[in-house]
Amino acid sequence: MAEGTEKGGRMIPEKVKIGGHQYTIFFPYLFRERDNLYGQHDHAQKEIRITGVDTCGAERAKSGIIVTFIHEVLHGIDFNSGHQIFNSELGERALEGMAEGIYQVLIDNGWLTLQNKD
Ligand SMILES: [Zn+2]
């Protein structure tokens with residue numbers, strides 16, 4: 001079983017459509033130039049990159065990885081809408097709060113689970 005996958009399906013999808021654009025998701029991605037990134041939305045390449053390890057090289061919790069995925073999708077929505085309201089330090093913090101909030105709603109309503117399905 002490849003890293004980043006689980007029985008019953010991948011924890012993070014390989015592709016996502018945002019605003020009519022097909023994005024490729026690279027997970028687990030190893031950021032070589034900047035080790036302080038958990039994720040990155042690249043609108044030019046239509047790519048989302050998400051690391052599976054923290055800044056010390058330790059494996060990240062599934063919940064954190066999914067929040068990062070939601071966070072990067074929100075960046076894509078924000079960029080493709082033309083608003084770019086989250087494109088600042090304050091906006092980045094607001095977007096992180098939105099990502100955590102969406103994750104909580106998905107988990108607490110049973111629409112998303114971290115359990116393996118087998
Ligand atoms: Zn961000």
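## Strand pairing

In this predicted model, Phe26 has Arg49 of strand β6 as its bridge partner. That pairing belongs to a parallel arrangement in which β4 and β6, the latter spanning residues 47–50, are linked by three bridges.

Strand β4, residues 21–26, also pairs with strand β3, residues 15–18. Here the two strands run antiparallel and are joined by four bridges.

## The β3–β4 hairpin

Two residues lie between the strands of the hairpin formed by β3 and β4. In this hairpin, Gly19 adopts a positive phi near 60°.

## Helix α2

Helix α2 covers residues 89–108, a run of 20 residues. The distance from its first C-alpha to its last is 29 Å, close to the 28 Å expected at 1.5 Å a residue. Just after α2, Gly110 has a positive phi of about 75°.

## Nonpolar core

The largest nonpolar core contains 14 residues. The members that touch the most others are Ile12, Ile50, Ile65, Ile66, Phe69 and Ile70. Two or more residues of this core are supplied by each of β6, α1 (62–80) and α2. Helix α1 provides the largest share, five residues.

Phe69 is in contact with Ile12 and Ile50, when residues up to four places away in sequence are not counted. Both of these partners are listed, with Phe69, among the residues touching the most other core members.

Conventions:
Residues numbered from 1 in each chain as written. Predicted model: local features only at pLDDT ≥ 70, side-chain atom pairs only at ≥ 80, totals over all residues. Pairing = 2+ DSSP bridges. Expected span 1.5 Å × (residues − 1). Core = buried A, V, L, I, M, F, W, Y, C linked by C-beta atoms within 7 Å. Buried ≥ 20, exposed ≤ 12 C-beta atoms within 10 Å, placed from the backbone. Contact = placed C-beta atoms within 7 Å.
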